[in-house]
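Biologist: I'd like to learn how to read a core and a helix packing. Can you walk me through them?

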Amino acid sequence: MASESQIKILDCTLRDGGYYNNWDFSLPLAKRYLDAVTQAGVHTVEVGFRFLQSDQFLGPFAFCSDAFITSILPETHPQIAVMINAKEFNDYDAGPKAAINKVFSQKKDSPVDLVRIATHISSAESSLVLAKELSRLGYKIAFNLMQANTATSSTLEEVAKKIQRSGTVDILYLADSLGNLTCEDLHII
């Protein structure tokens with residue numbers, strides 16, 4: 001096991017690659033992939049999303065139910081993560097807490113270890129409700145701040161302090177969602 005000071009790799013090939021095939025990977029391919037990342041020593045595998053609903057066809061890696069994840073995991077495997085879109089959960093008619101409880105059980109009953117919450121910087125503070133509820137259920141929480149390069153350094157600092165004060169977020173990702181983060185941007189961040 002890696003010490004806390006070592007670099008840890010989170011692989012999101014299935015989740016991110018699903019944009020190209022509607023998260024409809026073949027099970028043999030997914031199982032070979034999971035075996036490979038396990039053998040490679042990857043610390044965390046983000047197997048897909050956990051969307052609430054869709055009016056178009058999406059494969060099982062878009063919803064990643066606990067039963068589905070359990071059915072594809074090798075006996076030994078990395079830590080398992082799923083991603084949620086904060087906007088979808090925050091906009092749920094019955095409220096964000098109800099949305100979380102609709103698709104997440106207690107951590108002790110789930111193969112999922114980490115939930116990454118994808119949120120825009122402008123809605124990060126309101127998305128802390130999601131983090132709090134997921135934390136209450138026992139999950140490790142990561143905030144994935146999208147389009148981080150579009151915010152000023154003072155805005156990033158302010159948002160990061162609010163997230164830290166919440167006490168519910170374990171990991172903070174600053175994502176270059178549009179692929180145009182420069183070296184100068186990175187230095188400022």
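Modeller: Here is a short tour, starting with how the model is treated. This is a predicted model, where local features need pLDDT of at least 70, side-chain atom pairs count only at pLDDT 80 or more, and totals for chains, interfaces and linings use all residues. Residues are numbered from 1 along each chain as its sequence is written, and side-chain values use heavy atoms, with hydrogens and water left out.

Biologist: Which residues have the most contacts inside the largest nonpolar core?

Modeller: A nonpolar core is a set of buried Ala, Val, Leu, Ile, Met, Phe, Trp, Tyr and Cys residues joined through side-chain atoms within 4.5 Å; buried means under 20% relative accessible area (1.4 Å probe, protein chains only). Here the largest one has 51 residues, and Ile84, Phe104, Ile117, Leu134 and Phe143 have the most contacts inside it. Its largest share, 5 residues, comes from helix α6 (residues 124–136); helices are DSSP runs of H or I, at least four residues, numbered from the N terminus.

Biologist: What is isoleucine 84 in contact with?

Modeller: Contact means heavy atoms within 4.5 Å. Leaving aside neighbours within four places in sequence, the partners of isoleucine 84 include Phe49, Phe89, Ile100, Phe104, Leu130 and Leu134.

Biologist: And where does lysine 107 lie?

Modeller: In the loop between α5 and β4 (114–120), strands being DSSP runs of E, at least two residues. The C-alpha atoms of lysine 107 and leucine 137 are separated by 5.9 Å, though the two are 30 residues apart along the chain. Not counting residues up to four places away in sequence, lysine 107 touches Val112, Asp113, Leu137, Gly138 and Tyr139.

Note on methods: Buried < 20%, exposed > 50% of the residue type's maximum accessible area, 1.4 Å probe, protein only.
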